[in-house]
Amino acid sequence: MRTIRFILEKEFRQVFRDPAILRMMFIMPIIQLVILPLTANYEVKNVQLAIVDHDKSTYTRQLIQKAAATGYFIIPGSFEAYADAMELVEHDKADIILEIPAGFERSLVKEDQAQVFMAVNAINGAKANIGAAYLNQLIREFNQDIRLRWIQIPRSGMQPTIQTEQRFWFNMHMNYQQFMVPGILVILLTMVGAFLSALNIVKEKEVGTIEQINVTPIKKHHFILGKLIPFWLMGLIVLTLGLTIARLVYGIVPAGNIAVIYAFSAVYLLAVLGLGLLVSTFAQTQQQAMLISFFLMMVFILLGGLYTSIDSMPDWAQWLTKFNPVTYFIEVMRMVVLKGSRLQDILPQLGKVAVFAVVLNAWAIFSYRKRA
Amino acid sequence: MEHKYTITADQLTKQFGDFIAVDHISFAVQQGEIFGFLGANGAGKTTAMRMLCGLSLPSSGKATVAGYDVFTQTEQIKQSIGYMSQKFSLYEDLTVTENMRFYGGIYGMRIAAIKDRAKEILAQLHLQGEKDTLVKSLPLGWKQKLAFSVAMFHRPGIVFLDEPTGGVDPITRREFWEMIYAAAAAGTTIFVTTHYMDEAEYCNRVSIMVDGQIAAMDTPAGLKKQFATDSMETVFLQLARKAVRTE
């Protein structure tokens, strides 16, 4: 145990003398948490809607006004021909074309039905999808308004309409920040943990000090523990910083007990640090370690359920996410922050992450060789 | 109890795939001896030394260091030796004192002992004024002397030096060798590799490796006699030119 004390002393001195590490620890979390949640938003605004109005009637004017009034659409102009609007789409200046045929108003009034044509630019999938859905809903509402105006007095035979009232549980206003900030905090903790630990041992390899360490009677697990503990503490500091920012900037106060978050993070960090250490035992240079870590991070983040819902992934990908510690942490964070889950609710995730921690660290100790 | 020979190697071999880096070498080094280990680049010096230090697992043969077996007792060996690698390997972002404290600590020395030893070494090196200086801001010559002192910090019986004076000016090299002599006089066995022939002259005994094998081994005077010349340089060149493999 005395040995560990000397190793820790050395590691802490080195960390606090390295401005790059301190920057990574403090500035990166602040920037990521302050800027990313503002941009990571599923709400689509500023959909460019090009309108080709062949009818130019009162109704079409009303429809266009209604679209403009929602605030979701920007209308770059009305076009005489579909081809003109299409040119805008080709230059990526329009997302949706709405073509209203001549005689729209007349057929709506006389025949009780009319058709419009919608063309969607699917280059930006999310925007196209959601924009089209908005427009559909808008037209449906417009349709409803007209029917109400024409059929002034309800009579028998009028089509009944069903209205849906929605309520979002656990995040009442569907506030994306409530949803994203805990997730981004997870990514942050994962990156800080994995990168710092991976780069650290590899740096000793590059500089050559690892050889001097290997020629001492130091125990492997002492050495690894000496590396693990400082980064583990730093991870918890980053978490604290993140939770503080979440509270001050976004007013996010976890619905659950904050101690549950710390308990889970403590175990989770061990898993992530173990992964970093494992990478460092395989990589020979910091470049290699960086590339391997980046690759793993990309996979973990994209399969982690932060940006996309795991339930909508294909089966094989859903199966893969079971081997992704990030998935569990994002789940737990959202459960505790939004739903107020307690320790017993997150025990399954905690157990799985604990297995990751044990396996990865054991593997790292095993594959760290003092003798080639 | 006294080991007459503190390092022994018997048919020690290291093979990497088809490449035999160290090819059945045998020798024995006495306690307190300065044993020079010479050879061209790629002759296998460093590999041989790494096997003896427990950094590299031998493919075959036998060897003991401080009476411990290099196959099975590497951790005991490591406690008994000091090692200075070719690459400078103190922590540049720690101060002189912090480096000593760290290495003293992981060899299991007590805090008080570490402090005394650090004081003693700082005095020897005349580095008292620089004890809180980061190692990276010391000149190379001082760094090398410091690295040697740190390798000697836990008072090992044997110290392995891998080209300790590479890139160092002649005055510092001279001082370095004075330190080596002092350590040997105090009973420490010195196992040193070098490319400088004047340094070879300082050794009690010299072995010259060619292509993984020991081509000659004797006192410097004996080698010069054997090759009928008055300079170690000629001895070395005659042997090293026979080398088939290049680095």
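I took contact to mean heavy atoms within 4.5 Å. The model I consulted is a predicted one.

**Entry 1. A:Lys56**

I began with A:Lys56, which touches A:Arg61 and A:Glu80 when residues up to four places away in sequence are not counted. I located A:Lys56 in the loop of chain A between β1 (47–53) and α3 (58–70). I then looked up its separation from A:Phe104: the two residues are 48 apart in sequence, and their C-alpha atoms are 8.9 Å apart in space. I also noted the backbone of A:Lys56, where phi is positive at about 50 degrees although the residue is not a glycine. Most residues other than glycine have a negative phi.

**Entry 2. B:His126**

I recorded a positive phi in chain B as well: B:His126 is not a glycine, yet its phi is about 55 degrees. I found B:His126 in the loop between α4 (111–125) and α5 (140–151) of chain B.

**Entry 3. α9 of chain B**

I next listed the buried residues of helix α9 (residues 232–240) of chain B, which are B:Met232, B:Val235, B:Phe236, B:Leu239 and B:Ala240. Viewed down the axis of α9(B), these buried residues fall within an arc of 115 degrees, so they line one face of the helix. I looked up what they pack against in chain B and found β3 (34–39), α7 (197–202), β9 (205–210), β10 (213–218) and α8 (220–226).

**Entry 4. α14 of chain A**

I turned to helix α14 of chain A, residues 347–367. Its 21 residues reach 30 Å from the first C-alpha to the last, close to the 30 Å expected at 1.5 Å a residue. I noted A:Gln349, A:Leu350, A:Val353, A:Phe356, A:Ala357, A:Leu360, A:Asn361, A:Ala364 and A:Ser367 as buried in α14(A). They cover an arc of only 145 degrees around the axis, which puts them on the same side of α14(A). On the face turned away from that buried side I found the exposed residues A:Val355, A:Val358 and A:Phe366. The buried residues of α14(A) pack against α9 (220–250), α10 (258–282) and α13 (325–339) of chain A.

**Entry 5. α9 against α10 in chain A**

I followed two of these partners, α9(A) and α10(A), to their own contact. Their axes are 9 Å apart and they pack at an angle of about 135 degrees. That angle makes α9(A) oblique to α10(A). I recorded the crossing of the two helices as right-handed. Among the contact residues are A:Gly235, A:Leu236 and A:Leu239 of α9(A), together with A:Ser265, A:Ala266 and A:Leu269 of α10(A).

I then examined A:Ser265, which lies in helix α10 of chain A. A:Ser265 is buried, with a relative accessible area of 0%. Not counting residues up to four places away in sequence, I found that A:Ser265 touches A:Leu189, A:Leu236, A:Leu239 and A:Phe329. A:Ser265 and A:Gly235 are 30 residues apart in sequence, with 8.5 Å between their C-alpha atoms.

**Entry 6. α1 against α9 in chain A**

I also looked up the packing of helix α1 (residues 2–17) of chain A on α9(A), where the angle is about 45 degrees and the axes are 9 Å apart. The two helices are therefore oblique to each other. I noted a right-handed crossing for α1(A) and α9(A). Residues of α1(A) including A:Ile4, A:Ile7, A:Leu8 and A:Phe12 meet residues of α9(A) including A:Phe223, A:Ile229, A:Pro230 and A:Met234.

**Entry 7. A:Met25**

I found A:Met25 in helix α2 (residues 19–39) of chain A. A:Met25 is buried, its relative accessible area being 1%. Which residues is A:Met25 in contact with, leaving aside neighbours within four places in sequence? I listed A:Leu196, A:Met234, A:Ile237, A:Val238 and A:Leu241. I also noted that A:Met25 and A:Val192 are 167 residues apart in sequence but 7.0 Å apart in space, C-alpha to C-alpha.

**Entry 8. A:Asp315**

Lastly, I looked up A:Asp315, which lies in helix α12 (residues 315–321) of chain A. A:Asp315 is exposed, with a relative accessible area of 64%. I recorded 125 residues in sequence and 25 Å in space, C-alpha to C-alpha, between A:Asp315 and A:Thr190.

Conventions
Residues numbered from 1 in each chain as written. Chains lettered and ligands numbered in written order. Predicted model: local features only at pLDDT ≥ 70, side-chain atom pairs only at ≥ 80, totals over all residues. Heavy atoms only, no water. Helix = DSSP H or I, 4+ residues; strand = E, 2+ residues; numbered from the N terminus. Expected span 1.5 Å × (residues − 1). Buried < 20%, exposed > 50% of the residue type's maximum accessible area, 1.4 Å probe, protein only. Arc of directions from axis to C-beta. Axes fitted to C-alpha atoms, helices over the stretch in contact; angles between N-to-C directions. Parallel < 35°, antiparallel > 145°, perpendicular 65-115°, else oblique. Left-handed = near helix turned anticlockwise from the far one by under 90°.
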